[in-house]
Amino acid sequence: MSDPLTRIRQAALELPGTEERVSHGQPTFFVGGKQFAQFRQNHHGDERTVVCVRVGSLDEQAMLLDADPQTYSKPAYLPSWVSINLSGDDVDWDHVGDRIAASWELAAPRRLLEAGGR
């Protein structure tokens with residue numbers, strides 16, 4: 001299973017209460033009506049394959065961007081998010097799954113979190 005979208009779908013859809021819909025032309029994952037992950041491939045001709053996820057704060061975003069600019073970038077139109085680069089053979093898919101799950105936790109309604117979450 002090397003297709004990035006297939007991997008993103010698997011990681012996102014295993015989380016409780018998740019649904020996939022197209023938003024702004026991109027496969028996007030929602031919980032409780034809120035976006036928590038968006039797959040982007042060649043978004044506006046940028047020739048990149050990424051998944052965009054929420055971060056807890058702008059400080060966390062800045063830390064990730066500074067710590068690993070090869071992996072993380074700032075996505076267009078999503079101010080408190082990061083994009084994770086999915087290109088190449090060295091993608092750490094466990095890490096990507098963890099970031100998707102953390103993003104889900106930031107968006108999930110309390111009832112899902114209190115029920116045990118992920």
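The lining of the largest pocket is made up of 4 nonpolar, 5 polar and 3 charged residues. Here Ala, Val, Leu, Ile, Met, Phe, Trp, Tyr, Cys and Pro count as nonpolar, Asp, Glu, Lys and Arg as charged, and the others, Gly among them, as polar. The model is predicted, with local features needing pLDDT of at least 70 and side-chain atom pairs pLDDT 80 or more, while totals for chains, interfaces and linings use all residues. Residues are numbered from 1 along each chain as its sequence is written, and side-chain values use heavy atoms, without hydrogens and water.

Because 5 of its 6 residues are buried, S4 is largely enclosed by the rest of the structure; buried means under 20% relative accessible area, with a 1.4 Å probe and protein chains only. Strands are DSSP runs of E with at least two residues, helices runs of H or I with at least four, numbered from the N terminus. Two strands pair if DSSP finds at least two bridges between them. S4 runs antiparallel to strand S3 (residues 34-41), joined by 5 bridges, and pairs in the antiparallel sense with strand S6 (residues 81-85), also over 5 bridges. Within these pairings, valine 51 is the bridge partner of phenylalanine 39, and cysteine 52 stands opposite serine 83.

Valine 51 also has contacts (heavy atoms within 4.5 Å) beyond its neighbours within four places in sequence, including Ile8, Phe39, Val82, Val96 and Ile100.

Terms used
Buried means under 20% relative accessible area, exposed over 50%, partly exposed in between (1.4 Å probe, protein chains only).
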